[in-house]
Amino acid sequence: MVIALFAGLNILMGLALTFPIPNVRLAALVHFWAGIFLVLSPMLVLPFLKNPKPVWTAFKVRLAIRKGDLNHRTLLAAKVFAWLFLVGLVFSALGGVFIRSGMAAWLFPEVNLLKLHVLGIYLLPLLLFLHVGTMLLLRRGKTR
């Protein structure tokens with residue numbers, strides 16, 4: 001729930017920044033901190049759980065691509081979409097940190113990192129919906 005709160009706030013403020021709004025600086029600041037807390041929230045929430053080991057085990061088991069997954073195309077697609085989402089989230093977060101710190105123009109002068117960061121608004125929710133959709137297809141197939 002904490003992760004969903006920060007994700008929703010981050011996406012809402014990111015979308016607000018694409019439109020002309022009166023208080024752009026405050027929206028940018030909230031977007032930045034919501035992004036930081038979104039990335040750090042699993043590491044901030046897990047220490048407060050009574051037993052965090054099952055969470056890590058489930059995370060590893062559900063995302064690990066095994067040889068048997070090659071026979072189940074829907075499961076393989078769900079795992080690939082999840083990995084693409086996580087990699088895109090990390091790159092978007094790193095891009096945001098580079099943009100905010102000013103290192104983007106210094107390290108990558110020929111790349112418009114802001115444009116790539118904004119692309120995450122459109123790409124990451126699509127990957128998340130594809131993952132959820134394929135997982136729902138798997139669950140529907142199990143109940144038959």
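Mentor: Lys 79 has a relative accessible area of 7% and is therefore buried, a word that here means under 20% relative accessible area, with exposed meaning over 50% and partly exposed in between (1.4 Å probe, protein chains only). The model is predicted, and so local features need pLDDT of at least 70, side-chain atom pairs count only at pLDDT 80 or more, and totals for chains, interfaces and linings use all residues. Residues are numbered from 1 along each chain as its sequence is written, and side-chain values use heavy atoms, with hydrogens and water left out.

Lys 79 forms a salt bridge with Asp 69, and the closest N and O atoms are 2.7 Å apart. The pair links distant parts of the chain, 10 residues apart: Lys 79 is in helix 4 (residues 73–101), and Asp 69 is in the loop between helix 3 (53–63) and helix 4. Helices are DSSP runs of H or I with at least four residues, numbered from the N terminus. A salt bridge requires a side-chain nitrogen of Lys or Arg within 4 Å of a carboxyl oxygen of Asp or Glu. Side chains of opposite charge can pair when their charged atoms come close. Asp 69 also counts as buried, because its relative accessibility is 7%. A search of the whole structure finds one salt bridge.

Helix 4 also holds Ser 92, which is buried with a relative accessible area of 16%. Apart from neighbours within four places in sequence, Ser 92 is in contact (heavy atoms within 4.5 Å) with His 117 and Leu 124.

Next comes the packing of helix 4. Helix 2 and helix 4 pack at an angle of about 135°, with their axes 11 Å apart. This makes helix 2 oblique to helix 4; angles under 35 degrees count as roughly parallel, over 145 as roughly antiparallel, 65 to 115 as roughly perpendicular and the rest as oblique. Axes are lines fitted to C-alpha atoms, for helices over the stretch in contact, and angles run from 0 to 180 degrees between N-to-C directions. From helix 2 the contact uses Leu 29, Phe 32, Ile 36, Leu 38 and Val 39, and from helix 4 it uses Leu 89, Ala 93, Val 97 and Arg 100. By class, the residues of this contact are eight nonpolar, no polar and one charged. Ala, Val, Leu, Ile, Met, Phe, Trp, Tyr, Cys and Pro count as nonpolar, Asp, Glu, Lys and Arg as charged, and the others, Gly among them, as polar.

Helix 2 has another partner. The axes of helix 1 (residues 2–17) and helix 2 come within 8 Å and cross at roughly 155°, which makes helix 1 roughly antiparallel to helix 2. The residues of that contact divide into 16 nonpolar, five polar and no charged.

Ser 41 belongs to helix 2 (residues 24–45) and is buried at 1% relative accessibility. Leaving out residues up to four places away in sequence, Ser 41 touches Val 2, Ile 3 and Phe 6. The C-alpha atoms of Ser 41 and Ile 3 are separated by 6.2 Å, although the two residues are 38 residues apart along the chain.

Notes
Helices (H or I, at least four residues) and strands (E, at least two) are DSSP runs, numbered from the N terminus.
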